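Hello,

Here is the structure I promised you. Please open it first, then read my notes below.

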Amino acid sequence: MEKVYTPREGDFEFITERDINVDKNFASQGYWKGVAIHFARNKFAMTGVVLVSVIILFAIFAPVFSSYAYDEIVSVTDAAGREVVAKSLSPQFAGEGEGYFADKTFIFGTDDLGRDLWTRTWQGARVSLIIAFVTIFIDMIIGTSYGLISGFFGGRVDNVLQRFIEIAGSIPTLVIISILAIFMDKGIGLVIASLLITEWIGMSKIARAECLKLKEREYVLASRTLGAGSFHIIFKQILPNTIGPVITQVMFSIPVAIFTEAFLSFVGVGIVLPQCSVGSLIEAGFNNITILPYQILPPITVLAILMLGFNLIGDGFREALAPKLEDM
Amino acid sequence: MTKYIAKRILLAAVTLFVIIFVLFVLIRIMPGNPFPVERMSAEMILQKRAELGLDKPILVQFADYMRMLLSGNFGNGTSLYNGAPIKPILLACLENSFKIGVLSIFFGTAVGLLTGIVAALNRGKFLDGLCTVLSILGVCIPSYVFMIFLQYFFAYKIPFFPYFFDPSRFLFSSIMPALSLSLFTISTVARFTRNEMVEVLNSDYVKLAESKGLQGFELMRRHVLRNALIPVVTVIAPLVVDLLTGAMVMEKIYGVNGVGKLMVDAIAGEGVDYNYVLALGIVFSSLYIGVMLLLDILYGIIDPRIRLSAKEAA
């Protein structure tokens with residue numbers, strides 16, 4: 001008769017660090033760490049980061065430290081001791097100018113009402129950036145939820161949601177904006193509303209495509225087997241894995257938002273005075289371009305740098321998330 | 001193929017109909033009034049509403065409007081141009097915008113394709129780098145920066161081109177508007193063409209074709225271009241639509257009397273003109289859907305795989 005072996009103390013032991021062989025060269029990097037390293041090595045992307053950070057820093061701090069308010073009409077005392085509005089002055093620094101306004105500094109000059117353009121430019125950049133960040137953030141939440149739900153449930157839900165997007169997506173942005181312009185007053189609200197309505201569609205498409213790929217994976221099946229509900233799976237299991245492509249899309253949407261704001265303000269349905277944004281400053285500068293060309297330079301440069309910077313960052317993200325073999 | 005095209009056309013027609021309905025209902029249920037209320041008595045408003053048919057149920061109004069549309073009419077404006085009929089004004093504006101738009105699309109696509117092909121054939125060399133940098137700049141920097149600079153330097157500082165668009169000297173005065181509008185198209189198309197070309201040039205079937213002894217132009221025409229250009233067709237569609245937005249700014253800068261300007265007048269002028277907004281909305285949407293439809297069909301013709309997969313699905 002065979003003897004049944006009874007396990008004794010010391011037969012088994014817990015696995016410790018020393019027993020697990022980890023290939024330190026390859027496996028030690030987390031996914032996001034790899035992405036970060038890849039991103040940091042990309043010269044174009046880093047240029048974008050630098051450009052955007054510089055503008056953001058100026059937008060935050062320049063209006064705070066400026067000696068004028070953005071909507072303040074600056075007065076100077078002229079030779080006869082009278083108060084004169086500092087209208088349409090070209091850029092100048094204290095002590096360098098001539099005549100009665102020599103003691104004031106206007107780095108970018110003043111506009112035709114006598115407001116300091118340095119302060120207005122950075123205030124404008126601030127407004128544009130805030131609009132872009134806030135709307136794109138909300139669009140991201142709406143778009144990803146919509147896309148994930150549509151992709152995950154599939155079938156009839158997907159069908160209805162996708163037909164809706166198809167029709168909503170075939171209305172040109174311009175038409176949506178014009179309809180909104182009837183409903184709402186001109187101004188910041190119109191800009192935000194039009195961005196909220198149009199920009200989420202792209203994100204929902206990306207989230208849906210990712211969701212369709214991910215929902216067939218084993219880990220989702222495992223989660224379901226363990227009794228997880230649909231919404232737990234969508235937002236706790238699938239969502240984290242769609243972050244990469246969604247962020248890339250966000251990076252490309254921000255310049256679109258900045259441009260849309262600038263475009264709306266330029267054609268006259270955006271930001272209203274005395275508020276200012278990059279677009280409204282360009283519009284004001286454009287009206288005076290032949291006589292006072294220096295007025296349009298700062299806002300247009302800020303706009304170009306922001307668009308370039310965010311696009312470079314977006315490109316960098318896309319490459320870092322899906323590195324091609326030849327780049328490794 | 002006929003079935004594929006018919007299905008596409010039907011789908012586009014249904015989408016357009018739904019859009020027109022939505023636009024119509026949105027504009028009709030809107031709070032507010034198309035008339036200057038302060039200056040009119042209550043009876044006058046009622047009378048005016050009855051005159052315009054605004055007191056009927058909304059579906060009846062919609063049917064009336066559709067009947068009018070199908071007879072090729074857009075009705076009268078509510079505030080713009082003293083309520084004159086919309087159609088002749090719209091047509092005149094469309095003509096200006098259309099000419100400049102078509103010019104810039106053709107120019108942009110042609111130059112973009114050429115640049116992309118040249119860059120791909122010189123991959124890794126100086127020309128390639130130059131094209132890449134230029135196309136990144138073209139994509140990232142908004143077109144109206146270019147417009148303003150072109151206008152400032154080549155019409156004001158060096159007064160070679162006319163400062164404003166002038167329909168009587170169409171070709172000469174539309175060079176700058178069309179050029180500045182096409183920069184975005186050029187860079188997007190160039191970038192896309194280059195990447196596709198590089199991929200195709202590295203593919204096995206091109207290597208096979210080369211090893212069979214095919215070379216030069218024949219290889220390009222038969223194997224490379226045909227496959228590389230298919231995806232490029234897809235980027236042109238959204239570009240056409242972006243052109244609408246670009247045109248709005250362009251028309252303001254160069255003083256073109258076009259649809260973009262008309263739209264701005266309709267929404268940003270003294271009073272909002274409901275009927276113009278509706279008419280322009282319909283024109284823009286049909287343009288958009290029409291372009292999409294055309295490209296879908298074109299795509300099916302160039303690439304047999306799409307046609308076949310559509311047949312299987314049908």
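**Where the chains meet**

The contact takes 35 residues from chain B and 31 residues from chain A. Two residues are in contact if their C-beta atoms, placed from the backbone, lie within 7 Å. This is a predicted model: local features need pLDDT of at least 70, side-chain atom pairs count only at pLDDT 80 or more, and totals for chains, interfaces and linings use all residues. Residues are numbered from 1 along each chain as its sequence is written, while chains are lettered from A and ligands numbered from 1 in the order in which they are written.

On the side of chain B that touches chain A, H12(B) gives the most, with eight residues. Helices (H or I, at least four residues) and strands (E, at least two) are DSSP runs, numbered from the N terminus. That side of chain B divides into 30 nonpolar residues, four polar and one charged. Here Ala, Val, Leu, Ile, Met, Phe, Trp, Tyr, Cys and Pro count as nonpolar, Asp, Glu, Lys and Arg as charged, and the others, Gly among them, as polar.

Look at Val249(B). Leaving aside neighbours within four places in sequence, Val249(B) is in contact with Phe263(A), Phe266(A), Val267(A), Tyr144(B) and Met147(B).

**Chain A**

Chain A has 10 helices and two strands. From the N terminus on, the elements run α-α-β-β-α-α-α-α-α-α-α-α. Among contacts in chain A between residues at least 6 apart in sequence, 68% join residues at least 24 apart.

Best wishes
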